[in-house]
Amino acid sequence: MKYRPIRLEPREDFDKAIVHQYKNGTLVYSYEMLVAVVMEQGVESEEEAIEYIEYNIMGLKSPQFHFVVRD
């Protein structure tokens, strides 16, 4: 099974949270920076931003799609 790296959209926002890219294209996002980006998009609290990330971003992980989040 071939996998494809995930790049979060909109790129102009989420690219700010990229801290590394592997040779195979897999991106590494900073969790703290993801929280900041989501809050910049209008989420009112850090708790809501974390809930958004856990549901809408961390839920993307699958055997076919790869990205790494660290902090």
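Mentor: Quick definition before we start: buried means under 20% relative accessible area, exposed means over 50%, and partly exposed is in between. Keep in mind that this is a predicted model.

Trainee: Okay, then is arginine 11 buried, partly exposed or exposed?

Mentor: Its relative accessible area is 39%. Buried needs under 20% and exposed needs over 50%. With 39%, arginine 11 therefore counts as partly exposed.

Trainee: Which residue does the arginine 11 side chain meet in a salt bridge?

Mentor: Start from the cut-off: a side-chain nitrogen of Lys or Arg within 4 Å of a carboxyl oxygen of Asp or Glu. For arginine 11 the N to O distance is 3.2 Å.

Trainee: How many residues apart in sequence are the parts tied together by glutamate 40 and lysine 16?

Mentor: The side chains of glutamate 40 and lysine 16 meet in a salt bridge, at 3.1 Å from N to O. Glutamate 40 lies in helix 2, while lysine 16 is in the loop between helix 1 (11–14) and strand 2, so the pair ties together parts whose separation is 24 residues.

Trainee: How many salt bridges does the count come to?

Mentor: Side chains of opposite charge can pair when their charged atoms come close. By the 4 Å rule, the count comes to three.

Trainee: Let's move to the strands. Which residue in strand 3 stands opposite isoleucine 18?

Mentor: Strand 2 (residues 18–21) pairs with strand 3 (residues 27–30) in the antiparallel sense, over three bridges. The two form a hairpin with five residues between them, and glycine 25 in the turn has a positive phi of about 95°. Opposite isoleucine 18 stands tyrosine 29.

Trainee: Last one: what charge does the surface patch with Glu44 carry, negative or positive?

Mentor: Glutamate 44 lies in the loop between helix 2 (31–40) and helix 3 (46–57). It is exposed, with a relative accessible area of 73%. Glu44 gathers with Glu47, Glu48 and Glu51 on the surface, and the charge of that patch is negative.

Conventions
Residues are numbered from 1 along each chain as its sequence is written. This is a predicted model: local features need pLDDT of at least 70, side-chain atom pairs count only at pLDDT 80 or more; totals for chains, interfaces and linings use all residues. Side-chain values use heavy atoms; hydrogens and water are left out. Patches are made of residues with over 30% relative accessible area and no salt bridge: like charges are joined within 9 Å, nonpolar side chains (Val, Leu, Ile, Met, Phe, Trp, Tyr) within 5 Å. Accessible areas come from the Shrake-Rupley method with a 1.4 Å probe; for residues, only the protein chains shown count as cover. Lys and Arg count as positive and Asp and Glu as negative; His and the chain ends are not counted. The place of a charge is taken as NZ of Lys, CZ of Arg, CG of Asp or CD of Glu. Helices (H or I, at least four residues) and strands (E, at least two) are DSSP runs, numbered from the N terminus. Buried means under 20% relative accessible area, exposed over 50%, partly exposed in between (1.4 Å probe, protein chains only). Two strands pair if DSSP finds at least two bridges between them.
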